[in-house]
Amino acid sequence: MSIPTQTSYAQIFTPAFAGMLGDYPDARVESAVNGESVNVPAGIFMAEGTTDRTAKLLTAATGAGAKLIGAVINTFARNPGDADTTLSGALDAYTPNKTMPMLTRGTFWCVSESAFAVGDDVFVRHTINGGLTQKGAVTSGAGVTTGCRKVTGARVLRASTAAGIVLLEIDVNVDRATV
């Protein structure tokens, strides 16, 4: 039996993607079931569902009072696009009633609607507002008007120049203590 030999190597590695962990130290990952009737993308924040260990999209009704359960992450056991479903923009998605890995403390790449500077306040979308349609995505404090609430336990670790993804450090327990 011969062992296959790798004959080519990538010179440029895949850049970060939505839901990718940013670092391992002090990360806490739990799981929750997608309690929505729609596919949920990786890289967004989710609120507590109505039953134990379920997660729901933030809504206008829960809005400012929503208790965050965590952020949906991709696992390193799969690559982007390997999920059950892929949404537009190549965001991996978890189908209804599927168990999702949820980051409750640590760093990850979050879907963002705006540019960020290190030190900006982080706001999470709970209500669709014009072209800003991804509930659970984050936006910076600049220009936030309606449909968002501040995430107390989040900070920006790396500046971003446009909408796309941003590297955040989060601790949802800090946020939950202030809601």
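Cys 110 is buried, with a relative accessible area of 0%. Cys 148 is buried too, at 16%. Here buried means under 20% relative accessible area, exposed means over 50%, and partly exposed lies in between (1.4 Å probe, protein chains only). A disulfide is a pair of cysteine sulfur atoms within 2.5 Å. By this rule the count is zero.

This is a predicted model, in which local features need pLDDT of at least 70, side-chain atom pairs count only at pLDDT 80 or more, and totals for chains, interfaces and linings use all residues. Residues are numbered from 1 along each chain as its sequence is written, and side-chain values use heavy atoms, with hydrogens and water left out.

The pLDDT is the predictor's confidence in each residue, from 0 to 100. The protein averages 81, and 79% of the residues score at least 70. Helices (H or I, at least four residues) and strands (E, at least two) are DSSP runs, numbered from the N terminus. Among the elements, strand E4 (residues 54-56) has the highest mean pLDDT, 94. Strand E6 (residues 85-86) has the lowest, 52. Where pLDDT is low, the predicted coordinates should not be read in detail.

Next comes the interior. A nonpolar core is a set of buried Ala, Val, Leu, Ile, Met, Phe, Trp, Tyr and Cys residues joined through side-chain atoms within 4.5 Å. The largest one has 22 residues. Phe 45, Phe 108, Val 122, Val 138, Leu 168 and Ile 170 touch the most other members. Strands that each supply at least two residues include E3 (45-48), E8 (99-112) and E13 (164-171). Another core, of 15 residues, lies apart from it; Met 46 and Ile 69 are among them.

Which residues form the aromatic pair? Phe 45 and Phe 108 do, edge-to-face, at 5.8 Å centre to centre and 85° between the planes. Rings of Phe, Tyr and Trp (its six-membered ring) pair if their centres lie within 6.5 Å; planes under 30 degrees apart count as stacked, over 60 as edge-to-face and the rest as tilted. Phe 45 sits in strand E3 and Phe 108 in strand E8, 63 residues apart. Phe 45 is buried at 0% relative accessibility. Phe 108 is also buried, at 0%.

Twelve of the 14 residues of E8 are buried, so this strand is largely enclosed by the rest of the structure. Two strands pair if DSSP finds at least two bridges between them.

| Strands | Sense | Bridges |
|---|---|---|
| E5 and E8 | antiparallel | two bridges |
| E8 and E13 | antiparallel | eight bridges |

Ala 71 has Leu 103 in E8 as its bridge partner. Trp 109 has Leu 167 in E13.
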